[in-house]
Structure formats: C-alpha cells, structure tokens
Amino acid sequence: MFWVLWVAVLAIKLVVAARLPLFVDEAFYWQEGQHLAAAYSDLPGLTAWLTRLGTLVGGDHAFAVRLPFLLIAALVPCLMVHIAAREFGARAGWLAGCFTLLLPLAGSLGVMALPDAAMALATLLCVDAGARLLRQVTPETALELAVGLALGALCHYRFIAVIGVGFIALAMLAEGRRALRDVRVLVAIAFGASAWAPLVAWNLDNADAGLRFQLVDRHPWAFHADAVWFIAIQALLVTPLLFAALAVAARRGLAGIDAPHRYFALLGAGVVVGFFALGFFADTERVSFHWPLPGYLALLPLLPAVLWRWPRGWRLATAWLAGLGLVANLGYYLAVSQPGVRERNAAEKWYPSNFSGWEPLARAVRARLAAMPAGTRLVADNFKIGAELGFALGDPRIAVLDHPINHKHGRAPQLRLWGLQSAGRAEWGDEPVLVVVGATEIKYRDLLARYHDLCAMVGPLPPAEVLNIDHGRQRFLLFAMDGKPVHGDCTTPAMAWVDTPVADARVGRRFKVNGWAFKDGVGLAGIDVMLDGQVVAQARYGRAFPGLTDAWPQSSDPQHPNVGFDAEVSLPPESFRPGRHWLGLRLRGRDGSEETWAERPIQLE
C-alpha cells in the first residue's frame, strides 16, 4: 500500500508541477539561483541553489525549477518509514509512511520550489538522530544529526524552531541530557551551527536586514485574536480525524514513560503549540498555515499506536478523509494551472493572482519590445514582475523600481545588492525604456499614490498599453518611453469604479450603469460601457461626485468634482443570451488615450 501511494502521489505531483505556472516566490528563488551566493536577503542559500541545479539539468522551465524539490519531497515518507519501523516495528513504519503521504501539507511538498521540502527532510533527519541518541551515541548518529542541523540551517530561519524545541525535548529526558554531554554530539551541534555562518555574515554585512525582516518588520508583535482560528484551520488542512489522532498521539506520548515516545511527543507538540502561541503576535498578512508541518512530522511515528486502538471504521475514515484532503490540495494546484478556470473565477476571493497572467504579460512585452528601438531597456514596477518576466524572457537582470511590496516581502535589500533597483529617469538618461507596471499589486486606495510615485521617478506617464488578464483581475500597464525629456504635471492612468450594478447582480435587458472615473493631469473625454468586450452604451460623463477629493486629495484631474457618469444599457432581444456576462468600461482620455477597465460579472435574465 505504501509503495502504491508513493508512486501515485509522485506521479500526480510530477504532472501538476509540469503544468502549474511559476508562483512569484518561486520565480524570485530562480532569480536568486542565477545570482549564486552563500545567502540572500530573504533566505539562506539552499533553495536558490536547488533552483539553479534544476535549470542546469532540465532547462529554463517551471518543471525543471521544481524537480529537485520533488525528489527531496519523495524521500520524506521513505525516511518516515525507516524511523517508525525501527522504533515501533515494520507495520507501524509502513502505516506512518502512508499517512505522511496522505497528510495534505506533507503529501503536496515539492509541487512548488519552496524551502519546505528540504526543511521537512532536515526535520526528519534530526528527529531520527535524536531518537537514536536516546539509546546510544555513535559516530553515525552524530553525523546524521550534523547533516540534519546543517541542512535545516541552509533552508529557512524557521528551522530555528525545530532546533530550539528539539534541544528542550532532549534536555527534559535523562537519556537526552546524557547524549548532550557527549563530545561527538557537541561536535555535531557545532557543525550544524556553523551552517548558519553564511546567513550571519550576510546580515552583518547588510545591517541585519534579513533578521529584521524575518523577526521584526513582518510581525506586528502586538496581541491580536486572529490566532484563535489556528486550531480550526489546522484541523481542516490536516483533516479533522487525522488532526485528532495526532493530538491523542501527543497526549499519550507525553504521559508515557518510554523515552522515544516522550521525545517524539515533546518535539511535535512543542513545535505545533509554539507556532499556535506565536500566532497571537506574529504576521497575519502572509501565508503561515504550513509552519507547524515539522511538528506533525515528529508526531507521525506515534500515530499507528493510536489508530490501532480505534475501530476499523474510524481508521478507514481517517485514511479516506486524509486522502480526500490531499486530493483537494493537489486538485487546487491542478485547477489553477488551467487558464480557463482562472478566468471563470476572476471575481472570486480565492483567485490565484500570484500564478496568473505571467505568460500573456511576457508575450505582450516581447511584442512591444520588438516595436521599439534596439537596446530598449526593460524596467519592472516591482520584484514580482521583474522575477516572472526574467524567467519568461531568460533575463535575471531586469531592473526594478522601488516599490512598497519589495520591502514588504524582504526583497528590496537583495535587489540593491544585485544593482537592479532602478532610480528612474535620472538613471536612464535619453535611453528608450519600457516600464511594466502592475496595477493590481497594491490596494486600490493606494493605487493613485503609487501612480504619483511613478511620476516622481520617471516623469509624466505616456498613454499606457493596458493588459487586462482574466477580466482585469490581473492588470498590467506598459509604458513605452522614447527617452526624450517630458515636462509637465503628473499624467496617470485612469481610475474608475462602477457603483451599480454590483458584481453578480441580476439585470434585465435594460439596466442602468453609474459610477465615477477620472484621469490625473488631463481628465477624461468620455466613457463607453462594454459587455463582453462590445460597446453597448455611451455614458453621460460629468455628474458632480465631490467625495473623491476627500479620498484622494492629491488627485489633479482638472474636472473634479464633475467626474461621475451614468448610462442606460438597452440590449436587443437577439443579442447576449441570458446568463453570466462581464461588464466593463473603456475610458477615453483628453490626451487621446484609451484604457479598458477591469470587468465585473453580472447575471443577464
């Protein structure tokens, strides 16, 4: 059963990894791999080195980037079998291995080129070495501990949690304290500590920028109640019955007298409970649901003894529910790899924006560069666009403008070190430049301020080529600049909003559309209402809408406050079948520019 599951899960992951577009973090790790270094601003070096290895073996495509991570992830359940079989018997080993594959957080490792796969392997190496040390210290065990500690140090700052809790777990056991006094174990610990040297050196050379981001800047360090959802979220991700079984395993292990049982329980429960407590004070904006995975891996060797005490029906239900969780997890990745699925769900909250739009953007950039003079400089608005375009175009040295998300994700120091942070027009001189801007990367309320920041860096913005992907859920603006000095007020892309009809509203063949729109610097000449890309009405533009100047006092549209619009759409009976359609706008500027606005779904009756 284990080997059938192992082959099936690996085969599915290979298919998903070959089809799934590169996630933005993966693209940046690829970019780091093209600038080999001992450590980076966001991570130690191993993840970047593995992406470089993958592309050296398989070429510059997403599957090759992920291949080393898939192979490392495939070792994790095999090592689990080894650990549990040695401690609790062969049958327990195979069962623990099966549930390592079925555990959604572990079974999906390697689908993306992220540090978690190697960190899971490092965790199990340390878990295995620790359990063996409780019985006898040998050179082989000390070597395994040294390798696990070093591997974890090269993965992520988060591995410090495994080290800290593991040390406490050993120190709480008499056998563990004996092992910690052995010189061979001390040498192994020193070797593992030395693997942090590149990261420490990087931080010393860069004013502790990486440490500040990981431990200070990204966390509010103020109490918030969001962490109360931790148990519900983890139970859903681990699957409820498996989560309950692991909790029972931890409780029984902590109450037991056998040293390995207590060691697994102390390490596993310590990591999970520690991250639960940390959640009340730590970052809530970025994904953190996968942080407790090392704790679950440490508890899995104790799982078979719990399941054998359960009725057969409950055991089967636990396995099937975990399997369904894994299928849902991998199925999500497979679904978002389909352009049609992403487009149909553009209006949903779970829309996978970090997977979307990169291939169409690369095609548009290639086409625009081909129409511009030879030697045109390509500049990205932020690190996401720079890394994704770099991967698509085979150029890891695309310059990037200063952007809030570069700092939010801890990538700004690395861009500066590479010399890729562009100063804007003052640096470009009279060179032709194509600037690629992401209009959906920051909150809408902050978008106008970002446009003004762009003006400060590059001058008045020329009319943009607008690329609306998935009905504008991903929106990019391409600004072609010929290098000639441009003076005057800040001219920005248009801003707009449709107040009615709201998203997914049911409308008849005659319905009203109203909202507001403006364009700083020049203003708008008119607005066309569009349905599925076809013009169905011309709006009456110029209705007073004074509230916008309160929201955006920096706006310089000369027509304020008369920036509201109204339109009445009347659809002929033979046009547009009943059902879902996409309502949009075409905004015509006084400078001759035309911009298509993001669309929203409506239900035509």
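Student: In this predicted model, does alanine 171 count as buried, partly exposed or exposed, and at what relative accessibility?
Tutor: Alanine 171 lies in helix H9, residues 159–171. Buried means under 20% relative accessible area, and exposed means over 50%. Alanine 171 has 27% relative accessibility, so the class is partly exposed.

Student: Which residues is alanine 171 in contact with, leaving aside neighbours within four places in sequence?
Tutor: Contact here means heavy atoms within 4.5 Å. With the sequence neighbours set aside, the partners of alanine 171 are Arg177 and Leu180.

Student: How far apart in space are alanine 171 and methionine 112?
Tutor: In sequence, alanine 171 and methionine 112 are 59 residues apart. From C-alpha to C-alpha, the distance is 36 Å.

Student: How many helices and strands are there in the chain, and what is its radius of gyration?
Tutor: The chain has 27 helices and 16 strands. For 605 residues the globule rule gives 25 Å, and the chain comes close to that, so it is as compact as a globular protein of that length. Its radius of gyration is 28 Å.

Student: What share of the 605 residues counts as buried?
Tutor: The C-alpha trace spans about 80 × 55 × 45 Å along its principal axes. The chain exposes about 25,100 Å², with carbon and sulfur atoms supplying 62% of that area. The buried share of the residues is 56%.

Student: Which helix gives the most to the lining of the second largest pocket?
Tutor: This pocket has a volume of about 790 Å³. Among its 27 lining residues, Met1, Leu5, Leu102, Ala319 and Trp320 are closest to the centre. Helices H1 (2–19), H5 (90–102) and H19 (312–336) each supply at least two lining residues. The top contributor, with 12 residues, is H19.

Student: By class, what residues make up the lining of the second largest pocket?
Tutor: Two lining residues are polar and three are charged. The rest of the count is 22 nonpolar.

Student: Which residues are closest to the centre of the largest cavity?
Tutor: The whole structure holds three cavities of 30 Å³ or more. The largest cavity has about 100 Å³ of space. Of its 13 lining residues, the closest to the centre are Lys13, Ala73, Ala74, Pro77 and Leu101.

Student: How many residues lining the largest cavity are nonpolar?
Tutor: H1, H4 (62–88), H5 and H6 (104–107) each supply at least two lining residues. Two of the lining residues are polar and one is charged. The nonpolar number is 10.

Student: What is omega for the cis peptide bond that joins histidine 560 and proline 561?
Tutor: Most peptide bonds are trans. Proline 561 sits in the loop between helix H27 (548–551) and strand S13 (564–570). A cis bond also joins threonine 500 and proline 501, with omega about 0 degrees. For histidine 560 and proline 561, omega is about 5 degrees.

Student: Is threonine 239 buried or exposed, and at what relative accessibility?
Tutor: Threonine 239 falls in the loop between helix H14 (230–238) and helix H15 (240–255). Though not a glycine, threonine 239 has a positive phi of about 85 degrees. Threonine 239 counts as buried, with a relative accessibility of 3%.

Student: What is the relative accessible area of aspartate 532?
Tutor: Aspartate 532 is in the loop between strand S10 (524–531) and strand S11 (534–538). Its phi is positive, near 55 degrees. Aspartate 532 is partly exposed, with a relative accessible area of 34%.

Terms used. Residues are numbered from 1 along each chain as its sequence is written. This is a predicted model: local features need pLDDT of at least 70, side-chain atom pairs count only at pLDDT 80 or more; totals for chains, interfaces and linings use all residues. Side-chain values use heavy atoms; hydrogens and water are left out. On a 1 Å grid over the protein atoms alone, a cavity is a set of points where a 1.4 Å probe fits but cannot get out, and a pocket is an open set with protein on both sides within 12 Å along at least five of seven lines; lining residues have an atom within 4 Å of a point. Grid points are joined across faces, edges and corners, and a volume is the space filled by probe spheres set on the points. Helices (H or I, at least four residues) and strands (E, at least two) are DSSP runs, numbered from the N terminus. Ala, Val, Leu, Ile, Met, Phe, Trp, Tyr, Cys and Pro count as nonpolar, Asp, Glu, Lys and Arg as charged, and the others, Gly among them, as polar. The radius of gyration is taken over C-alpha atoms; the globule rule is 2.2 Å times the number of residues to the power 0.38. Buried means under 20% relative accessible area, exposed over 50%, partly exposed in between (1.4 Å probe, protein chains only). Accessible areas come from the Shrake-Rupley method with a 1.4 Å probe; for residues, only the protein chains shown count as cover.
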